[in-house]
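Reader: I would like to learn how to read a model like this one. Can we go feature by feature?

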Amino acid sequence: MTAFDVNNLPASEDEIDYSDIEAKYQVPFEEGFDNIIVVDKVPIVEESKKDKLFRTMRKIFRTAGVGEIKEGGISMPMDLNAETGKLASKGFLFIEMETAEQANLAVKQLNNHPMDRSHILAINRFTDIEKYSQLKEEYVDPEEEKFTEREHLRSWLTDSQARDQFVLHRGDEVSIYWNRKTEPPEEIHKRQYWTETYVQWSPLGTYLATFHRQGIALWGGPSWNKIIRFVHPGVKLIDFSPNERYLVTWSYEPITLNNGIPGSPFGMEDEGNQLIIWDVHFGALLRSFPSSTSPDDTSNKITWPMFKWSHNDKYFGRVTVGQQISIYETPGMGLVGKKSIKVEGVADFEWAPVSERDKEKDKSKDKHGDKKTREEIISFWTPEIGNQPARVTLMSIPSKEIIRTKNLFSVANCKLHWQSNGDFLCVKVDRHTKTKKSTFANLEIFRVREKDIPVEVIEVKDTVMAFAWEPKGERFVIITTNDPAYGQPSTTPKTSVVFYYLDKAKPVNGTQTVANFKLIKTLDKKTSNSIFWSPRGRHVILTTLRSQSTFDLEFWDLDFEGTAEQKEAARQDPGASLQLMSVQEHYNVTDIEWDPTGRYVITSSSMWRHSAENGYTIWDFKGTQLRRYLLDKFKQILWRPRPRSLLTNEQKKKVRRSLREYSKVFEEEDALAQTSVSKEQIAHRRRLMDEWNAWRKRVENELAEERELAGLPPIDTREDEGVEVIEEWVEEVVEETEEIVDE
């Protein structure tokens with residue numbers, strides 16, 4: 001039995017300390033009150049008019065579609081009026097809804113709702129009022145956080161060998177590698193369970209995004225530490241703005257406020273939305289949107305990305321098919337001109353890119369305080385509606401001024417393809433014949449930089465399967481087919497590949513002739529269905545993707561420089577410089593990716609598509625296979641993008657003029673690296689030889705001891721005496737090629 005000291009007992013019950021028990025069994029205030037709201041600024045009425053006010057409130061809630069008020073769920077405090085001597089209300093009441101979701105919706109829909117001319121309702125959650133009432137009246141400065149210097153997020157660009165990185169996702173492992181010229185890739189970082197689904201680079205390579213059940217995390221720097229995270233439960237898709245300032249996330253699950261996430265960034269205005277735009281630098285939620293802007297759209301299909309960005313992150317927009325284009329401005333996230341662009345029947349739109357020269361001009365204007373900025377351009381098209389023809393339109397933003405339109409007839413579909421510098425817009429128009437039993441195509445090319453924006457039409461008799469502009473160039477490639485098997489599953493149709501260039505003819509008799517796009521060459525009897533230009537232009541890969549029978553890779557050079565005769569022929573005929581460098585095959589190839597420099601390309605076969613011979617192969621731009629890796633549970637491989645060069649055009653020209661001098665330095669470094677590799681190989685071989693000789697000597701000694709114990713004469717080894725082993729290593733250069741690739 002425990003002895004008690006009576007003298008130490010509290011004098012009264014008030015002196016007993018229950019703080020530890022209260023803390024242990026404390027119930028959060030929000031529990032049980034999350035479906036109650038407080039409605040303020042209602043009319044002050046007497047007891048006799050209370051029922052009428054309650055009926056009016058029920059009608060307002062019913063009309064707003066926020067749900068029914070619980071039976072007996074309206075409570076209105078009454079007090080004795082000093083002037084009239086009668087009971088009267090205090091101007092506010094409590095309403096209990098059936099669920100917390102209905103209460104949140106009521107706050108969202110009816111706050112600031114005009115009940116009449118003199119009464120504007122103010123509605124808040126009951127738990128919010130209690131929470132804010134507990135705030136201290138006196139302002140207290142927040143605790144200053146200790147400054148922690150971050151790692152440089154673009155440190156990989158300082159690599160002395162100017163190597164590129166790639167990320168490899170295999171099974172539950174994600175690894176980062178350096179790509180090396182003559183040696184296998186070098187692994188620099190690896191983590192288990194780094195992502196739950198897949199990984200994605202930001203457009204300039206600063207961040208690596210990983211996907212998790214509760215949201216997105218961005219990683220970077222030499223140590224690959226977490227930079228920031230964004231809470232969005234069930235996130236499936238993301239998209240960065242071109243300059244990485246903003247991040248768009250989408251989840252199939254609508255946002256709920258009672259999600260149990262500590263420090264949830266969502267407010268009442270976000271509830272039910274699925275699309276969020278974040279500030280990447282600060283991690284702030286800027287605005288959320290519903291997946292569909294049309295109340296009639298009940299389909300689960302989405303088009304990604306839902307928002308399309310202007311080149312400078314200043315504007316972003318989305319199309320409501322058949323109704324309007326909504327253009328928003330950053331960082332305020334409001335509609336340009338406070339309203340959408342109403343376009344009946346609109347099907348799609350695209351932003352016009354700009355050249356590096358235009359970007360330099362914009363920067364120069366900003367430095368000199370020139371507030372007159374260049375307007376952006378969007379292109380959009382509308383199908384035929386009644387007697388109205390289909391139409392392609394170019395419009396300036398933010399003025400919303402139409403600068404060019406073109407009517408089109410007998411249109412089945414359109415696809416908008418901007419050239420990377422914004423000089424040309426090609427509209428691939430799929431047309432149907434009068435009987436509508438077959439289709440063909442036209443290429444309507446808008447020359448945007450020229451006066452009045454003339455349009456050139458190229459007629460194509462067959463169906464155009466693929467179209468691709470040369471990056472920063474004036475050439476393009478199309479793949480066409482007239483095979484009846486096109487569009488049928490499990491078939492590989494016969495195709496033709498057609499190359500075009502812009503013919504800038506010389507002036508005739510002092511008169512400048514009009515530049516037109518002309519045919520370079522047509523390649524018939526192909527099976528190619530995809531086009532992959534090098535990011536530097538000139539080189540292109542034609543391939544057959546996701547076929548069950550054909551896996552060809554054709555490496556083409558459009559500016560091949562051979563003998564003097566070939567160079568002269570190329571001046572007369574552009575097709576003479578089109579050279580097939582190599583034809584290769586990658587069984588079950590699913591994806592193709594050029595590195596940012598255009599020197600290497602990776603072809604891969606992902607387990608997400610099939611389970612046979614998964615892995616990847618690294619090629620050079622000529623189609624020479626450098627390495628091949630078959631990897632079990634291989635999922636994806638992505639080159640790390642590079643940001644735009646900080647050099648001006650003049651500085652780039654200066655580098656090109658001095659390229660031969662730089663080449664000597666690079667050749668010396670390559671020779672040194674090759675020598676170090678050779679030394680390592682020779683040392684390895686000699687080590688193996690020494691191990692062999694030591695083993696042989698040990699075995700000979702053991703054998704001699706065994707023969708001596710057995711009484712046998714020793715083995716005569718005199719024939720080996722005087723024998724000297726001479727090793728001679730001969731290195732031969734089989735082929736050496738020097739090629740200057742302009743940036």
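Author: We begin with one residue. Asp358 has a relative accessibility of 10% and so counts as buried. The cut-off for buried is under 20%. Keep in mind that this is a predicted model.

Reader: Which residue does the side chain of Asp358 meet in a salt bridge?

Author: A salt bridge pairs a side-chain nitrogen of Lys or Arg with a carboxyl oxygen of Asp or Glu, within 4 Å. Here the partner of Asp358 is Arg449, at 2.9 Å from N to O. Asp358 sits in helix α5, residues 356-367. Arg449 sits in the loop between β31 (439-447) and β32 (455-460). The two are 91 residues apart, so this pair links distant parts of the chain.

Reader: Is Arg449 buried or partly exposed?

Author: Partly exposed, because its relative accessibility is 47%. Asp358, in contrast, is buried at 10%.

Reader: Which residue meets Glu350 in a salt bridge?

Author: Lys308 does, with 3.0 Å from N to O. Glu350 belongs to strand β25 (residues 348-351) and Lys308 to strand β20 (residues 308-309), so the pair ties together parts 42 residues apart in sequence. Now check the accessibility of each end. Glu350 is at 22%, so it counts as partly exposed. Lys308 is at 18%, so it counts as buried.

Reader: Which residues are linked in a network of salt bridges?

Author: Asp159, Arg163 and Glu186 are. Asp159 and Arg163 are both buried.

Reader: How many salt bridges does the structure hold?

Author: It holds 30.

Reader: Which residues of α2 are buried?

Author: Leu53, Phe54, Met57, Ile60 and Phe61. Looking down the axis of α2, these buried residues fall within an arc of 120 degrees, so they line one face of the helix. The face turned away from that buried side carries exposed residues: Lys52, Arg55, Lys59 and Thr63.

Reader: What do the buried residues of α2 pack against?

Author: Their partners are strands and a helix. The strands are β1 (36-40), β2 (69-75), β5 (92-97), β6 (114-116) and β8 (122-125). The helix is α3 (100-110). Gly65 follows, with a positive phi near 75 degrees.

Reader: Which residues other than glycine have a positive phi?

Author: Two cases are worth a look. Ile453 has a phi of about 50 degrees and is not a glycine. Ile453 lies in the loop between β31 and β32. At 9% relative accessibility, Ile453 counts as buried. Lys472 also has a positive phi, near 55 degrees. Lys472 lies in the loop between β33 (463-469) and β34 (475-481). Its relative accessibility is 52%, so Lys472 counts as exposed.

Reader: Next, the peptide bonds. Which residues does a cis peptide bond join?

Author: A cis bond joins Trp304 and Pro305, with omega about 0 degrees. Pro305 is in the loop between β19 (285-289) and β20. Another cis bond joins Ile397 and Pro398, with omega about 20 degrees. Pro398 is in the loop between β27 (390-397) and β28 (402-408).

Reader: What does Asp430 touch?

Author: Start with where it sits. Asp430 is in strand β30 (residues 424-432). At 16% relative accessibility, Asp430 counts as buried. Leaving out residues up to four places away in sequence, Asp430 touches Ser410, Val411, Ala412, Asn413, Phe440 and Ala441. The side chain of Asp430 also makes a polar contact with the side chain of Lys428, at 3.2 Å.

Reader: Last, the whole chain. How many helices and strands does the chain have?

Author: Eight helices and 45 strands. Of its 743 residues, 40% count as buried. Among contacts between residues at least 6 apart in sequence, 52% join residues at least 24 apart. The accessible surface comes to about 45,600 Å², and 49% of that belongs to carbon and sulfur atoms.

Terms used:
Residues are numbered from 1 along each chain as its sequence is written. This is a predicted model: local features need pLDDT of at least 70, side-chain atom pairs count only at pLDDT 80 or more; totals for chains, interfaces and linings use all residues. Side-chain values use heavy atoms; hydrogens and water are left out. Buried means under 20% relative accessible area, exposed over 50%, partly exposed in between (1.4 Å probe, protein chains only). Helices (H or I, at least four residues) and strands (E, at least two) are DSSP runs, numbered from the N terminus. The arc is that of the directions from the helix axis to the C-beta atoms. Contact means heavy atoms within 4.5 Å. A polar contact is a pair of N or O atoms within 3.5 Å; within protein, one must be able to donate a hydrogen and the other to accept it, and residues adjacent in sequence count only if both atoms are side-chain atoms. Accessible areas come from the Shrake-Rupley method with a 1.4 Å probe; for residues, only the protein chains shown count as cover.
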